[in-house]
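Colleague: I would like to learn how to read salt bridges and helix packing in a model. Could we go through them one at a time?

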Amino acid sequence: MQNSEALALTAALLAAAGDPTKRINDGVVARGFEGRPAYGFAFARLAPDGATVTDLAAHLGITKQAASQLVDELVRKGYVERRPHPEDARARLVVLTRRGWACTRVAEEAAADVVREWSGLVGEAEVRALHRQLLRLAPNDPLRPSW
């Protein structure tokens, strides 16, 4: 593959990755939840058992201060709450509330809408094949935004 073809391929992959993030967030907002894409990346780490701010910061690839500010925002919006950590008296566990879980379910619905549209464009077999190929190529790292 020529350099120009490789660049075009990586640009297409970046566009393909950014589009569902935006569309899922738009779907969440259209279904009555206030948010931004960073919430979904945080929810992915907080579900199912919660996490400390330090764990969340490492997952998102941001500073502890930025993660703490994000958690403060999520608490204000009713998506998460802080609880005493069951194993570390010095730490607080951040967990999804009912509203946070409801938002997560709505995000899953929005993601399914995106994939159904892809299936309509290229067929379900192609989408399943794409999924298998991407699993082979994708790093086994946490799902996080490309800041």
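Modeller: What follows takes salt bridges, then a pair of helices, in a predicted model.

Colleague: How many salt bridges does the count come to?

Modeller: Side chains of opposite charge can pair when their charged atoms come close. Here the count comes to 13 salt bridges. One of them joins Asp 19 and Arg 23, with the closest N and O atoms 3.2 Å apart.

Colleague: How far apart along helix H1 are Asp 19 and Arg 23?

Modeller: They are four residues apart in helix H1 (residues 3–30), so about one helical turn separates Asp 19 from Arg 23. Asp 19 is partly exposed, at 33% relative accessibility, and Arg 23 is partly exposed too, at 24%.

Colleague: Which residues are linked with Arg 116 in a network of salt bridges?

Modeller: The network links Arg 116 with Arg 31, Glu 109 and Asp 113. Within helix H5, Arg 116 and Asp 113 are three residues apart, which means about one helical turn lies between them. Their side chains meet at 2.5 Å, N to O. Arg 116 is exposed, with a relative accessible area of 51%, whereas Asp 113 is partly exposed at 33%.

Colleague: At what angle do helix H5 and helix H6 pack?

Modeller: Helix H5 (residues 98–122) packs against helix H6 (residues 124–137) at about 120 degrees, and their axes are 7 Å apart. In this contact, Val 115, Trp 118, Ser 119 and Val 122 of H5 meet Glu 124, Glu 126 and Val 127 of H6. Those residues divide into four nonpolar, one polar and two charged.

Note on methods: Residues are numbered from 1 along each chain as its sequence is written. This is a predicted model: local features need pLDDT of at least 70, side-chain atom pairs count only at pLDDT 80 or more; totals for chains, interfaces and linings use all residues. Side-chain values use heavy atoms; hydrogens and water are left out. Axes are lines fitted to C-alpha atoms, for helices over the stretch in contact, and angles run from 0 to 180 degrees between N-to-C directions. Helices (H or I, at least four residues) and strands (E, at least two) are DSSP runs, numbered from the N terminus. Contact means heavy atoms within 4.5 Å. Ala, Val, Leu, Ile, Met, Phe, Trp, Tyr, Cys and Pro count as nonpolar, Asp, Glu, Lys and Arg as charged, and the others, Gly among them, as polar. A salt bridge is a side-chain nitrogen of Lys or Arg within 4 Å of a carboxyl oxygen of Asp or Glu. Buried means under 20% relative accessible area, exposed over 50%, partly exposed in between (1.4 Å probe, protein chains only).
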